[in-house]
Amino acid sequence: MPAPELPPPQSSLPETAAHFGAHVLASAAARARDIAAATGGPPSVPAPHPISASAPHPISASVPPPLPAPAAGSPVPGAGLERILRGPSGLGTAGLRLVPREEAPASPAPQAGTPEGKPVPGLYHHPVPEPDPVRVEEVSRKIKAWALDEVALYPDDWEEQFDGFSVGRYMVGCHPDAPTVDHLMLATRLMVAENAVDDCYCEDHGGSPIGLGERLLLAHTALDPLHTTQEYQPHWAKSLHADAPRRAYRSAMEYFVRAASPSQADRLRHDMARLHLGYLAEAAWAQLDHVPEVWEYLAMRQFNNFRPCPTITDTVGGYELPADLHAQAGMQKVIALAGNATTIVNDLYSYTKELDSPGQHLNLPVVIAEREGLSDRDAYLKSVEVHNDLMHDFESESAALAAECPAPQVSRFLRGVAAWVDGNHAWHQSNTYRYSLPDFW
């Protein structure tokens with residue numbers, strides 16, 4: 001049976017998205033003129049949130065140092081102001097930029113030593129520039145030192161897998177507007193800690209669906225601290241050092257709360273609870289040997305997904321999207337769609353890796369094949385279409401929100417989420433140590 005023809009990535013904006021973009025640019029320019037007239041000067045980029053003098057929950061002797069704030073008026077090191085202002089490209093993203101820009105090359109030339117990898121054919125995505133190699137090297141060095149020296153994350157025989165994850169390249173590519181390496185490290189520690197929980201509690205490094213609820217609950221208290229009686233508080237504090245996932249969660253969250261506002265920290269706790277709820281649903285299906293309906297699987301994936309990562313894009317960027325703007329329904333829909341689309345990217349790139357692992361791993365192609373009676377190949381190609389639909393919805397909803405709410409923080413946050421979406425795909429595509437594509441074309 002011939003392969004269905006998948007639509008190529010679109011290179012031009014529809015009229016409605018272009019209208020959104022023009023509206024946002026005009027509104028942003030007018031707002032900037034109003035601010036300049038009122039203050040006697042141009043509006044400034046928000047500085048990182050002030051760091052508190054003490055850790056919010058000092059449960060260990062070591063206290064993470066505060067983040068250094070970039071000097072006023074200094075350029076963002078490693079990223080380049082032009083690249084940050086340029087913003088993302090593609091359907092619906094005209095409304096996410098505050099200044100006009102030239103279109104980026106369709107296929108940026110890889111630098112020497114860059115991992116090679118082919119994108120999934122027909123997958124809608126945007127090429128991104130190579131992550132700053134200086135930053136990648138520095139983040140990689142710092143995260144490995146943290147993993148080994150601060151939280152004793154993994155034994156010696158896991159070192160190759162840790163290095164192969166290429167988390168430095170991942171996080172630098174996903175957060176091009178981070179003011180400093182220390183801001184990047186906020187996201188990097190959390191990413192590594194989340195993967196430690198997934199691997200050690202759920203997946204192939206000792207994980208099991210049996211008893212997962214208890215493990216996740218106790219680990220979650222490293223993010224959302226227990227407030228109990230004086231008699232029992234020391235028992236809980238000691239438990240946070242009991243295993244690698246809890247040590248990693250505890251340390252990563254301590255660093256994060258020192259840089260974030262209370263609202264940003266609570267937002268992350270909420271999204272981490274969503275993540276853990278998704279883990280539990282997948283574990284329940286595994287215990288029952290049950291393959292869910294496709295819509296049920298997608299519901300689980302809206303919780304068990306990358307959502308905690310783009311939701312902290314403002315903290316990593318050194319500014320804050322106010323709580324009322326973050327909580328509005330339109331923003332929540334955009335963040336959910338971003339998480340859903342990027343997680344299907346993971347399903348597609350990790351497909352052959354999961355097939356080679358023991359037991360049955362649920363991913364979208366597997367569920368579609370089982371529930372809709374399609375061949376493995378056709379189910380995979382349909383999953384590409386599902387991803388593309390989610391991406392188009394993400395971009396059109398982003399453009400609509402930028403037009404409806406042209407506050408500078410909203411536009412900047414939407415640019416950050418779009419950059420995370422593009423960086424996530426680029427990392428999956430390039431990480432040939434972990435991923436390879438099926439032979440379906």
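Contact here means heavy atoms within 4.5 Å. By that rule, residues 24 or more positions apart account for 79% of the contacts in the protein with a separation of 6 or more. The model is predicted, so local features need pLDDT of at least 70 and side-chain atom pairs count only at pLDDT 80 or more, while totals for chains, interfaces and linings use all residues. Residues are numbered from 1 along each chain as its sequence is written, and side-chain values use heavy atoms, with hydrogens and water left out.

**The big picture**

- The protein has 18 helices and 0 strands; both are DSSP runs numbered from the N terminus, with helices being H or I of at least four residues and strands being E of at least two.
- Of the 441 residues, 50% count as buried. The cut-offs are under 20% relative accessible area for buried, over 50% for exposed, and partly exposed in between, using a 1.4 Å probe and protein chains only.

- Two packed helices are described by the angle between their axes and the distance between the axes. Here the axes are lines fitted to C-alpha atoms, for helices over the stretch in contact, and the angles run from 0 to 180 degrees between N-to-C directions.
- For the labels, angles under 35 degrees count as roughly parallel, over 145 as roughly antiparallel, 65 to 115 as roughly perpendicular, and the rest as oblique.
- For handedness, a crossing is left-handed if the near helix is turned anticlockwise from the far one by less than a right angle, and right-handed if clockwise.
- With α5: the axes of α5 (residues 167-174) and α6 (residues 181-202) come within 10 Å and cross at roughly 130 degrees, so α5 and α6 are oblique to each other. The crossing of α5 and α6 is right-handed.
- On the α5 side, V167, Y170, M171 and V172 do the touching, and they meet L184, A187, T188, M191 and V192 in α6. The residues of this contact of α5 with α6 split into 8 nonpolar, 1 polar and no charged.
- Those classes put Ala, Val, Leu, Ile, Met, Phe, Trp, Tyr, Cys and Pro under nonpolar, Asp, Glu, Lys and Arg under charged, and the others, Gly among them, under polar.
- With α9: the axes of α6 and α9 (residues 244-259) come within 9 Å and cross at roughly 155 degrees, which means α6 and α9 are roughly antiparallel. α6 passes α9 in a left-handed crossing.
- The α6 residues in this contact include L186, R189, L190 and A193, and those of α9 include P245, R246, Y249 and F256. The residues of the contact of α6 with α9 come to 14 nonpolar, no polar and 3 charged.
- With α10: α6 and α10 (residues 262-288) pack at an angle of about 25 degrees, their axes 12 Å apart, so α6 is roughly parallel to α10. The crossing of α6 past α10 is right-handed.
- L190, E194, V197, D198 and C202 of α6 make this contact with L268, M272 and Y279 of α10. The residues of the contact of α6 with α10 divide into 6 nonpolar, no polar and 2 charged.

**Cysteines**

- A search of the whole structure turns up 0 disulfides, a disulfide being a pair of cysteine sulfur atoms within 2.5 Å.
- C309 is in no disulfide, and the nearest cysteine sulfur, that of C174, is 7.7 Å away.
- C309 counts as buried at 8% relative accessibility, and C405 is buried too, with a relative accessible area of 15%.

- S350 sits in the loop between α14 (329-349) and α15 (351-355), and S350 is buried, with a relative accessible area of 3%.
- S350 and R434 are 84 residues apart in sequence, with C-alpha atoms 7.7 Å apart in space.
- T352 is found in helix α15 and counts as buried at 14% relative accessibility.
- T352 and P438 are 86 residues apart in sequence and 6.1 Å apart, C-alpha to C-alpha.
- Leaving out residues up to four places away in sequence, T352 touches S436, L437 and P438.

- Most residues other than glycine have a negative phi.
- A152 has a positive phi near 45 degrees; A152 lies in the loop between α3 (133-150) and α4 (159-165) and counts as partly exposed at 45% relative accessibility.
- D289 has a positive phi of about 55 degrees although it is not a glycine; D289 is placed in the loop between α10 and α11 (294-301) and counts as exposed at 65% relative accessibility.
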